[in-house]
Amino acid sequence: MAKVTQKQEHPRGRMQEVVGEVVSNKMDKTISVKIFRRVRHPKYGKFMKKTSVFKAHDEKNEAKRGDTVRIEMCRPLSRTKRWRLTEVVARGQAELEGVQV
């Protein structure tokens, strides 16, 4: 009789996760997320705030502009999309379009 062994699943490693703010949700199933990071200036040593904007896949179109979201790195989904929405951490202010306060 042949011995049956279970396949060992190789973990893909730790997927990189970042938290950022949604700046655009006008595309279908895609959001633009702005993240902030602090980097040290190579010559002067001062810490500076730098930003990056990532396109993330939002399958259910649940994230709105102003929300704080957590995204994780994934395989390339399109030319610019390399991230996937994991969860909506906090809801932002509701947009009031055309209303003067």
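Colleague: Leaving aside neighbours within four places in sequence, which residues is Ile 31 in contact with?

Modeller: This is a predicted model, and in it Ile 31 touches Val 22, Ser 24, Asn 25, Phe 54, Lys 55, Ala 56, Asp 58, Ala 63 and Leu 85. Each of these counts as a contact because heavy atoms lie within 4.5 Å. As for Ala 63, the C-alpha atoms of Ile 31 and Ala 63 are 7.5 Å apart, although 32 residues separate the two in sequence.

Colleague: Why is Ile 31 called buried?

Modeller: Its relative accessibility is 1%. The label needs a value under 20%, so Ile 31 counts as buried. For the protein chain, 21% of the 101 residues are in that class.

Colleague: Where is Ile 31 found, and what stands opposite?

Modeller: Ile 31 is part of strand β2, and Ala 56 in β3 stands opposite Ile 31. Ser 32 has Lys 55 of β3 opposite.

Colleague: How do you know that β2 and β3 pair?

Modeller: Count the bridges: 11 of them join β2, residues 30-40, to β3, residues 47-57. At least two bridges are needed for a pair, so β2 and β3 qualify, and they run antiparallel. The two strands form a hairpin with six residues between them, and Gly 45 in the turn has a positive phi of about 80°.

Colleague: What makes β3 and β5 a pair?

Modeller: Three bridges link β3 to β5, residues 81-90. The requirement is at least two, so this is a pair too, running parallel. His 57 stands opposite Arg 84 of β5.

Colleague: And how do you know that β4 pairs with β5?

Modeller: There are six bridges between β4, residues 68-73, and β5. With at least two required, the strands count as paired, and their direction is antiparallel. Arg 70 has Glu 87 as its bridge partner in β5.

Colleague: In what order do the strands close into a barrel?

Modeller: The five strands close in the order β1-β2-β3-β5-β4, with mixed pairing. From one strand to the next, the twist averages 50°. The protein chain has zero helices and five strands, giving β-β-β-β-β from the N terminus on.

Colleague: Why do you say that the charged end of Arg 38 sits over the ring of Phe 47?

Modeller: That charged end is 4.8 Å from the ring centre. The cut-off is 6 Å, with an angle within 35 degrees of the ring normal also required; the distance meets its limit, and the pair is listed as sitting over the ring.

Colleague: What about Lys 49 and Phe 36?

Modeller: Lys 49 lies over the face of Phe 36, at 5.1 Å from the ring centre. The 6 Å limit applies here as well, so this distance passes.

Colleague: How many aromatic pairs does the structure hold?

Modeller: One. The label requires ring centres within 6.5 Å.

Note on methods:
Residues are numbered from 1 along each chain as its sequence is written. This is a predicted model: local features need pLDDT of at least 70, side-chain atom pairs count only at pLDDT 80 or more; totals for chains, interfaces and linings use all residues. Side-chain values use heavy atoms; hydrogens and water are left out. Rings of Phe, Tyr and Trp (its six-membered ring) pair if their centres lie within 6.5 Å; planes under 30 degrees apart count as stacked, over 60 as edge-to-face and the rest as tilted. Helices (H or I, at least four residues) and strands (E, at least two) are DSSP runs, numbered from the N terminus. Buried means under 20% relative accessible area, exposed over 50%, partly exposed in between (1.4 Å probe, protein chains only). Axes are lines fitted to C-alpha atoms, for helices over the stretch in contact, and angles run from 0 to 180 degrees between N-to-C directions.
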